[in-house]
Amino acid sequence: MGSKEDLDYPQIIVQYSNGFLISKVMFTACELGVFDLLLESGKPLSSDAIAAHLGASTMGMKRLLDACVGLKLLAVEVTQEGALYRNTEISNVYLTKSSPKSQYHIMMYYSKTVYLCWQYLADAVREGRNQYEKAFGVSSRDPFGAMYRSDEEMLKFMAGQNSVWSICGRDVLSAFDLSPFTQIYDLGGGGGALAQEYVSLYPNSTVTIYDLPKVVQVAREQFVSPEERQITFHEGDFFNDSIPEAELYILSKILHDWDDDKCKQLLAKIYKACKPGGGVLLVESLLNEDKSGPVETQLYSMNMLVQTEGRERTAAEYSKLLEAAGFGMIQVKRTGKLYDAVLGRKE
């Protein structure tokens, strides 16, 4: 007779194997509009009513709704008229498009883009490079050229990143007291959600989003209102174009896209441009120093393999990159959430 631990192993393997199925159930319910419909209805609905509203089969919808109940994304009440479904609090907050903390867009990016790359994970491990060519028939040599291969794909990526900062932005920006810095450049700031969080948290600051011209155009049109006067834009490629002088530079989920040489190249440019007494804030998901976890960060590092040229790193590895560029007084703050903060200063 095996120990209790031995008996748990098959269940763990089953849970891991079902991970793909679980996420696809959630993604599908989001894509079909289940959570949005139930929020808008203001009352529980039957599976037949939901299927009719969303143009789905009654049999397929019933199974999807029951699976969502099992995942605690929906609640069900059995009445004389039959089963009636409603959102749980987690679904109202994170899975409806209208919620300020909605994760709908990042889920659609994972469902439609990331998962296609992950089909070739074994090839990525064998070859040690991203899999855009196999997944989408585009060159793997320029990861962001592949990532932004169409206007639709670029918009999907930017909206997804914005949704991440809607729940993580304040944690990383308040990890240190950044109030002494008033002139900020957010390099690769994309849709501007982190810049918006910054000026909300530090109202005496101005933030310039530095990104590719086509990204800036979409950010202006779709995400950042002209009324937000504390946020401005700078069009360019920060690897190849000059970086203007500022007090603080933010690199949020940028360095993890690149190998060490590219990171050193970029950080050296930032150090040269940075005002004395200024600094650089890295926002990344930090691995434990022995790389034993966190598991989310380990999985993100696998995602960097299939999608980029980079990897997730430890705090010591990021500190070493900062020191190589000339930055000192390096501080690390683990937020206890998905993303952490590393601050380096130019003396």
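The structure is a predicted model, in which local features need pLDDT of at least 70 and side-chain atom pairs count only at pLDDT 80 or more, while totals for chains, interfaces and linings use all residues. Residues are numbered from 1 along each chain as its sequence is written, and side-chain values use heavy atoms, with hydrogens and water left out. Across the whole structure, a search finds 13 salt bridges, a salt bridge being a side-chain nitrogen of Lys or Arg within 4 Å of a carboxyl oxygen of Asp or Glu.

**Salt bridges**

- Aspartate 123 and arginine 126 meet through their side chains in a salt bridge, at 3.0 Å from N to O; both belong to helix H8 (residues 121-127), where they are 3 residues apart, about one turn of the helix. Helices (H or I, at least four residues) and strands (E, at least two) are DSSP runs, numbered from the N terminus.
- Arginine 126 is exposed, with a relative accessible area of 65%; here buried means under 20% relative accessible area, exposed over 50%, and partly exposed in between, with a 1.4 Å probe and protein chains only.
- A salt bridge of 2.9 Å, N to O, joins the side chains of aspartate 260 and arginine 313. Aspartate 260 lies in helix H14 (residues 260-273) and arginine 313 in the loop between helix H15 (295-307) and helix H16 (315-325), so the pair ties together parts that are 53 residues apart in sequence.
- Within this pair, aspartate 260 is partly exposed at a relative accessible area of 30%, whereas arginine 313 counts as buried at 0% relative accessibility.
- Lysine 291 forms a salt bridge with glutamate 317, with the closest N and O atoms 3.0 Å apart. This pair links distant parts of the chain, 26 residues apart, since lysine 291 is in the loop between strand E7 (274-284) and H15, and glutamate 317 is in helix H16.
- Lysine 291 is partly exposed, with a relative accessible area of 38%, and glutamate 317 is also partly exposed, with a value of 21%.
- Asp260, Lys291, Arg311, Arg313 and Glu317 are linked in a network of salt bridges.

**The recorded active-site residue**

- UniProt, in an unreviewed entry, lists His256 for "active site"; such positions are given in the numbering used here, feature names are shortened, and annotations may be inferred rather than shown by experiment.
- Histidine 256 is placed in the loop between strand E6 (246-252) and H14, and counts as buried at 5% relative accessibility.
- Apart from its neighbours within four places in sequence, histidine 256 is in contact (heavy atoms within 4.5 Å) with residues including Glu284, Met304, Arg311, Arg313 and Tyr318.

**Phenylalanine 27**

- Phenylalanine 27 is located in helix H2 (residues 19-32) and counts as buried at 6% relative accessibility.
- Leaving aside neighbours within four places in sequence, phenylalanine 27 is in contact with Met107, Met108, Tyr110, Ser111 and Tyr115.
- Phenylalanine 27 and lysine 112 are 85 residues apart in sequence, yet 9.5 Å apart in space, C-alpha to C-alpha.

**Nonpolar surface patch**

- Tyr9, Ile12, Ile13 and Tyr16 form a nonpolar patch on the surface, with about 460 Å² of accessible area together.
- Patches are made of residues with over 30% relative accessible area and no salt bridge, with like charges joined within 9 Å and nonpolar side chains (Val, Leu, Ile, Met, Phe, Trp, Tyr) within 5 Å; accessible areas come from the Shrake-Rupley method with a 1.4 Å probe, and for residues only the protein chains shown count as cover.
- Tyrosine 16 lies in helix H1 (residues 4-17) and is exposed, with a relative accessible area of 66%.
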